[in-house]
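Please open the model in your viewer and keep the sequence panel beside it. The stops below say what to select next and what to look for there.

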Amino acid sequence: MTSLERHLRDTLTRRRQNGAAPILLMSHLVLGYPSLEENRRVIAAMVAQGVDLIELQIPFSEPIADGPVIAMANQASLDRGFRVEEGLAFLGEMVQRHAVPFLLMTYYNILHARGWEPFIRQTAALGGSGLIVPDLPLDEAGSAISLCREVGVDWIQLMTPTTPEQRLAEIGAAAAGLCYCVARKGVTGRQTAFDSAIYAFLARCRAATSVPLALGFGVKTGDDVRNLVGKADIAVVGTAAIEIHRTGGAEAVGDFFKTLKTI
């Protein structure tokens, strides 16, 4: 069991003992959007209101898994001159400042351009808990996964509803820390129906791996999170938080997560 998985399991146990719903909240934000200073305010508000782990996206010009809200945030950050080095330094700063796990999310071109080995080693040295690279499939990530195990960073595997059983088993066997379950086809931010199909998908994921399950893509409301209790271990909320920040600022994002935390 990796340190990230142990942390998540211990946190889930404490929530059960305290009579709270046994599900964790994971947030997502795009570095540099609208600015790193505003990222600092939003993260502080999230942590103060009980967000359990945070996914930091290094912006990329072609974020193929992301819908219009997150894609816009990526482009706006790049237009303002964001650089990868800034993002890595920001990761190190946040790890020192807040006692929650931070995951880096980005696309493989970023790792390729910088060199995947130094990127992973720097992520580990800065205290990052995991890496999410949605466009690098398991079959092509063997060397990166091996290095992550060596340096203590979890390479987060993704499972989708269209993944065949044998493939789910292979992904599940390679999983470390947590598995990111993609709720449906398409990109982030669109409405997701929390119905029997999602629960059947999560049951398939649960059978394929022993690590905690995080479900993302379309988790926007307290009802969405409540529907996942007992079926997933972590609810991933991304687009909704960015939209709330655009209209209400960092304090409104904190208030939003506070409502999700009290389900």
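Which handedness does the crossing of H6 and H7 have? Before turning to that pair, note that this is a predicted model, in which local features need pLDDT of at least 70 and side-chain atom pairs count only at pLDDT 80 or more, while totals for chains, interfaces and linings use all residues. Residues are numbered from 1 along each chain as its sequence is written, and side-chain values use heavy atoms, with hydrogens and water left out.

**Stop 1: H6 and H7**

Select helix H6 (residues 116-125) together with helix H7 (residues 142-151); helices here are DSSP runs of H or I with at least four residues, strands are runs of E with at least two, and both are numbered from the N terminus. The crossing of H6 and H7 is right-handed, a term used when the near helix is turned clockwise from the far one by less than a right angle. Their axes are 10 Å apart and the packing angle is about 25°, where axes are lines fitted to C-alpha atoms, for helices over the stretch in contact, and angles run from 0 to 180 degrees between N-to-C directions. H6 and H7 are therefore roughly parallel to each other, a label given to angles under 35 degrees. On the H6 side, Trp116, Glu117, Ile120, Arg121 and Ala124 meet a set of H7 residues that includes Leu147 and Cys148.

**Stop 2: Cys148**

Stay on H7 and show Cys148. Cys148 is buried, with a relative accessible area of 1%; buried means under 20% relative accessible area, with a 1.4 Å probe and protein chains only. Leaving aside neighbours within four places in sequence, Cys148 is in contact (heavy atoms within 4.5 Å) with Ile120, Leu131, Val153 and Trp155.

**Stop 3: H4 against H6**

Val84, Glu85, Leu88 and Leu91 of H4 make the contact with Phe119, Gln122 and Thr123 of H6.

**Stop 4: the sheet**

Select the strands next: an open sheet of nine runs in the order E5-E4-E3-E2-E1-E9-E8-E7-E6, with parallel pairing, two strands being paired if DSSP finds at least two bridges between them. Its edge strands, E5 (154-155) and E6 (157-159), each pair on one side only. Helix H2 (residues 36-48) lies across E1, E2 and E3, running at about 175° to E1.

**Stop 5: the cores**

Finally, colour the largest nonpolar core, which has 86 residues, Leu56, Trp155 and Leu178 being among those with the most contacts inside it; a nonpolar core is a set of buried Ala, Val, Leu, Ile, Met, Phe, Trp, Tyr and Cys residues joined through side-chain atoms within 4.5 Å. Helix H11 (residues 239-261) gives the largest share of this core, seven residues. A second, separate core of seven residues includes Val30, Ile70, Ala73 and Ala76.

How values were computed: Buried means under 20% relative accessible area, exposed over 50%, partly exposed in between (1.4 Å probe, protein chains only). Angles under 35 degrees count as roughly parallel, over 145 as roughly antiparallel, 65 to 115 as roughly perpendicular and the rest as oblique.
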